[in-house]
Amino acid sequence: MPSLLSWLLFPFAWLYAGIMAVRNWLYDKGWKASARFGEVPVVSVGNLRVGGTGKTPHAAWLVQELLRQGQQPAILSRGYGRRTRGFRLANASETAATLGDEPLQQFEHFRGQVPVAVCEDRQAGLRELLQQHPAVSTVVLDDAYQHRRVRPDLSVLLTEHQRPFYNDEVLPAGRLRESRAGAARADVVIVTKCEPTLAVAQQLAIEQRIRRYIRPGVPVLFSTYAYGEPVPLASTEQRAGTAYSLEIVLLTGIAQPGPLRAYLQAAGYHIVHHAQFSDHHVFTAQEIAALKAYNGPGRRIFTTQKDATRLLDPALHTEMASLSVFYIPIAVEFLADGANRLRQLLPAAIQPQAVV
């Protein structure tokens with residue numbers, strides 16, 4: 001049931017939803033320009049809800065699959081949280097402050113194999129990206145579901161298992177960026193962050209709720225996270241031969257740290273302290289120094305791969321050097337035959353299209 005505050009905010013939510021509905025209608029009717037990019041297909045990954053639904057790891061899965069299929073993909077993001085503006089192409093000298101933490105994470109993940117760029121204006125960003133990298137054959141747009149000026153060839157909509165869009169309301173009464181009807185633009189819907197053991201009956205019940213809002217025949221898939229072994233952060237002091245304890249400190253600046261906490265606890269770790277900050281939080285030297293109070297023999301600080309990009313900021317180097325910090329890598333895995341179903345969608349979607 002909505003809270004009292006949500007009820008009070010509903011008039012503002014209706015107003016906001018109405019504005020977004022008019023905007024989408026203008027794009028649907030062609031009265032606001034929406035462009036394709038011809039011989040370079042575009043795959044869009046996004047959500048209806050504010051906050052983390054797993055866009056970055058799902059975009060990485062798509063890029064890896066495009067590479068496997070012989071494509072030369074690139075990633076374009078707006079670079080949320082960066083302190084710069086305009087088009088920027090990732091290179092080894094970029095930081096989270098100049099590029100954004102998620103694009104930098106992608107650049108480091110693919111080790112320069114895939115061009116990664118940021119630009120607020122996706123049309124201008126695409127043109128510049130393709131000019132600098134003419135061999136690119138497909139572009140993955142990260143967090144672009146509401147960016148209607150670019151018409152994707154495949155639109156991937158993500159929704160969290162624990163916070164599905166069909167149970168949410170439009171801002172400010174809820175967390176949706178637009179009404180649930182926006183799901184009708186999706187070519188595939190992925191329910192993210194599921195338990196690996198999610199029962200088939202539960203999947204069918206969720207799919208049935210989603211199908212009220214999407215076009216007939218649109219696939220509904222289910223994904224989960226696979227966590228990897230802790231990886232030492234490059235800037236921290238690693239002590240050879242150290243016997244590490246199962247007692248850890250957790251440091252996060254992401255929207256939904258719950259799944260990571262649950263994984264670590266299930267893996268036998270004891271979280272003695274969780275320094276929890278908001279999504280894209282810019283860590284300060286004082287905040288990192290405060291973690292020393294929880295240091296103990298063999299204790300490590302665990303964080304996410306996205307947070308790790310911000311912890312490498314040169315301004316934090318002195319404080320970070322005395323700590324043992326590790327990040328936990330994650331990868332997307334699909335339930336049942338979800339991976340094959342998504343793979344089958346890609347070849348048709350990335351065929352060259354006529355420019356409109």
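How many residues of strand 2 are buried? In this predicted model, strand 2 (residues 73-77) is mostly covered, with 5 of its 5 residues buried. Buried here means under 20% relative accessible area, exposed means over 50%, and partly exposed lies in between (1.4 Å probe, protein chains only). Helices (H or I, at least four residues) and strands (E, at least two) are DSSP runs, numbered from the N terminus. The model is predicted, so local features need pLDDT of at least 70 and side-chain atom pairs count only at pLDDT 80 or more, while totals for chains, interfaces and linings use all residues. Residues are numbered from 1 along each chain as its sequence is written, and side-chain values use heavy atoms, with hydrogens and water left out.

Two strands count as paired if DSSP finds at least two bridges between them. Strands of a sheet pair through backbone hydrogen bonds, either parallel or antiparallel.

Strand 2 runs parallel to strand 5 (residues 138-142), and 4 bridges join the two. Ala-74 stands opposite Val-139 in strand 5. Strand 2 also pairs in the parallel sense with strand 4 (residues 116-118), over 3 bridges. In strand 4, Val-116 is the bridge partner of Ile-75, and Val-118 is that of Ser-77. Pro-73, Ile-75 and Ser-77 point one way from strand 2, whereas Ala-74 and Leu-76 point the other way. Residues on both sides are buried.

Contact means heavy atoms within 4.5 Å. Helix 6 (residues 200-210) has Gln-203, Ile-206, Glu-207 and Ile-210 as its buried residues. Seen down the helix axis, they fall within an arc of 100 degrees, so they line one face of helix 6. The arc is that of the directions from the helix axis to the C-beta atoms. Ala-201, Leu-204 and Gln-208 are exposed on the other side of helix 6. The cover over its buried residues includes strand 6 (154-160), strand 7 (188-192) and strand 8 (220-227).

Strand 9 runs antiparallel to strand 13 (residues 325-328), and 2 bridges join them. Val-231 has Tyr-327 as its bridge partner in strand 13.

The largest nonpolar core has 33 residues. A nonpolar core is a set of buried Ala, Val, Leu, Ile, Met, Phe, Trp, Tyr and Cys residues joined through side-chain atoms within 4.5 Å. Leu-62, Val-156, Phe-334 and Leu-342 have the most contacts inside this core. Helix 2 (residues 55-68) supplies the largest share, 6 residues. Beyond its neighbours within four places in sequence, Leu-62 contacts Val-43, Val-45, Val-156, Leu-342 and Leu-346. Another core, of 20 residues, lies apart; among its members are Cys-194, Leu-198, Ile-214 and Val-220.

Cys-194 is buried at 3% relative accessibility, and Cys-119 is buried at 6% relative accessible area. The structure holds 0 disulfides (pairs of cysteine sulfur atoms within 2.5 Å).

Thr-309 lies in helix 9 (residues 305-311). Thr-309 is buried, with 4% relative accessibility. Not counting residues up to four places away in sequence, Thr-309 touches Ala-96, Asp-101, Leu-104, Gln-105 and Glu-108. Thr-309 and Gly-100 are 209 residues apart in sequence, yet 8.8 Å apart in space, C-alpha to C-alpha.
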